[in-house]
Amino acid sequence: MVSALEYHERTKHSPKSVQESGHRLDFDNKPRPFKRYENLSRRALSDRVRVTGIPALSAITPTNADFSHERAVNLDALTALSYFSTGITKQLTRQGRELLFRAAACTGALYHVDLYAVCDDLADLKAGVYHVEPQSLSLDVIREGDYRGVLAAASDHDGVATAPVTFVATSTWWRNAWKYRDRTYRHAFWDSGTVLANLLATADSLSLPAEVVLGFADESVVELLGVDPRREAPLELVPVGAGNRAPDAPTLEPIDPTTAALSPEEKEFPLVHEAWRASTLESGDAVREWRSIARAQSVGQRKGGDGDRIELDPVNYETESKRPLHATIRRRGSCRAYEREPVSFRKFSTVLDRATRGVPLDGRESDASPLQFVDAYVLVNGVDDVPPGAYHYHPEAGELERLIDGECREEAAHLALDQRLGGEAAACVYFLTDLEAVVDRLGNRGYRLAQLEAAVTAGRCYLATYAHRNLGGTGLTFYDDRVTSFLSPRADGQTPMFLYTFGKPE
């Protein structure tokens, strides 16, 4: 079984590995981006999507929501949560082909992340285990009855035990591995992170408490959903709302629902499943122990130094962009070219400030700094009043610490897998962690934690970027070790988890 450290090392990109890969995409064998059950009944979601008008910049961070009294999770709320996380928000026709784009960014637009809802009786919906079907915006009925107790026992988490609905995010490996092969285990957290950023923001806009739970006994969730983890595996739980405590877990009858083939020949990538398997937890006791260690203190980060610092100047809630969350999600795209014009210092400051306020993770120390397992490094090439260079961002102080002076467009493009977007962007935000320290403290499960904190934060960067009228952004991949080398000595021993770029779209 492969460890997280070995997996990460074996899936690093370098100029040599990219040049010698010889990988060609077989479009005749491209998997469908939707899961299709063949014999399950469906329940319709609401025929309208509820919106609240809450500005995206307010919804990104859970600082302003009013959770002082319970709000019911009803079918309208479940519809909005599902649609703004994985629903189809754009339809385009190009060269006679219909292209469907989802609410959250996904590597290669392959959409391998699915959501399942495990709920109590809701208004207009009976208790059950449901698969969210994005294309028709409906629910496939996996099990009927209240199975929240299964998740409560698996996670040993009070929020899961009392939530009217808990979402389960999964990845179907082949739907991403068709293009990205063994790196799919990384992408599972990159792409579920952007989905969960939308889900958390939508819950906040509806004044519903929500949290990401990474500690759970994986096999219990696998059995509940009736999935084969060699093909599709659970990644995270997200309890939403507060209500009656779940009853004791019922006995699970084995299920194996039939699904349509994804492509003519579905291929396996054993390294992906091995990495997932090595990071599983076996029981509630193991979950409890892992979570207590994770909550003890931050790990994987580097302390600040004595470099010159620039204090950011984000807008406040009174003067922020009022673009609503729903309009921001529908506007969001993945930028394919940037103008080499500088972005305003205040907009740059606001994107970083709003995105890095801390992810509500069950493994998070209560009084930790906003980022607990990753550091943010920023390559600045086009921001008013910020000298070009590389910076270490300290979110708790709202300050950029200068590490490298001078324009670094050429280096930014090279580090981003020699993609010109990296060099054209006004700013490139890299999230790095000391993976050896994380795994030493938190085991292979710690890899999930570091990847997900980076990815949800990047997902919030997307939302904060597209909340502004003339900004666009996209995630890019990178040459792992060259990023570390470029940002050293500060980043010595750290490795990149995620790269997000933004600027003015061409």
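This is a predicted model: local features need pLDDT of at least 70, side-chain atom pairs count only at pLDDT 80 or more; totals for chains, interfaces and linings use all residues.
Figure 1. H10 itself spans residues 270-278, and its buried residues are Leu271, Val272, His273, Ala275, Trp276 and Ala278.

**Figure 2. Helices H5 and H11 meet at an angle.** Two packed helices can be described by the angle between their axes and the distance between those axes. Here, helix H5 (residues 148-155) packs against helix H11 (residues 284-296) at about 55°, and the axes are 7 Å apart. With that angle, H5 is oblique to H11. On the H5 side, the contact is made by Ala153, Ala154 and Ser155, while H11 brings Gly284, Val287 and Arg291.

**Figure 3. Trp173 and Tyr185, an edge-to-face pair.** A search of the whole structure turns up 14 aromatic pairs, and this view shows one of them, formed by Trp173 and Tyr185. The two rings are 6.4 Å apart, centre to centre, with 65° between their planes, an edge-to-face arrangement. Trp173 belongs to helix H7 (residues 173-180) and Tyr185 to helix H8 (residues 184-205), so the pair links distant parts of the chain, 12 residues apart. Both partners are hidden from the surface: Trp173 is buried at a relative accessible area of 5%, and Tyr185 is buried at 2%.

Figure 4. Tyr430 is found in strand S14 (residues 427-433), whereas Phe478 sits in the loop between strand S15 (472-475) and helix H18 (480-487). The two are 48 residues apart, and their pairing links distant parts of the chain. Tyr430 and Phe478 are both buried.

**Figure 5. A cluster of rings, and two charges over rings.** Trp173 and Tyr185 return here as members of a cluster: ring pairs link them with Tyr7, Phe189 and Tyr447. Elsewhere, look for arginines placed over aromatic rings. Arg143 lies over the face of Tyr147, 5.5 Å from the ring centre. Arg445 has its charged end over the ring of Phe216, 4.8 Å from the centre of that ring.

**Figure 6. Leu371, a buried residue in a loop.** Leu371 has its place in the loop between helix H13 (345-355) and strand S11 (375-380). With a relative accessible area of 3%, Leu371 is buried. Which residues does Leu371 contact, leaving aside its neighbours within four places in sequence? They are Gln301, Thr356, Ala376, Pro395, Glu453 and Thr457.

**Figure 7. Leu487 and its contacts.** Our last stop is Leu487, which lies in helix H18. This leucine is buried, with a relative accessible area of 2%. Not counting residues up to four places away in sequence, Leu487 touches Tyr377, Leu379, Ala390, Leu403 and Leu432. For a sense of scale, Leu487 and Leu421 are 66 residues apart in sequence and 19 Å apart in space, C-alpha to C-alpha.

Note on methods
Residues are numbered from 1 along each chain as its sequence is written. Side-chain values use heavy atoms; hydrogens and water are left out. Axes are lines fitted to C-alpha atoms, for helices over the stretch in contact, and angles run from 0 to 180 degrees between N-to-C directions. Helices (H or I, at least four residues) and strands (E, at least two) are DSSP runs, numbered from the N terminus. Angles under 35 degrees count as roughly parallel, over 145 as roughly antiparallel, 65 to 115 as roughly perpendicular and the rest as oblique. Contact means heavy atoms within 4.5 Å. Rings of Phe, Tyr and Trp (its six-membered ring) pair if their centres lie within 6.5 Å; planes under 30 degrees apart count as stacked, over 60 as edge-to-face and the rest as tilted. Buried means under 20% relative accessible area, exposed over 50%, partly exposed in between (1.4 Å probe, protein chains only). A charge sits over a ring if NZ of Lys or CZ of Arg is within 6 Å of the ring centre and within 35 degrees of the ring normal.
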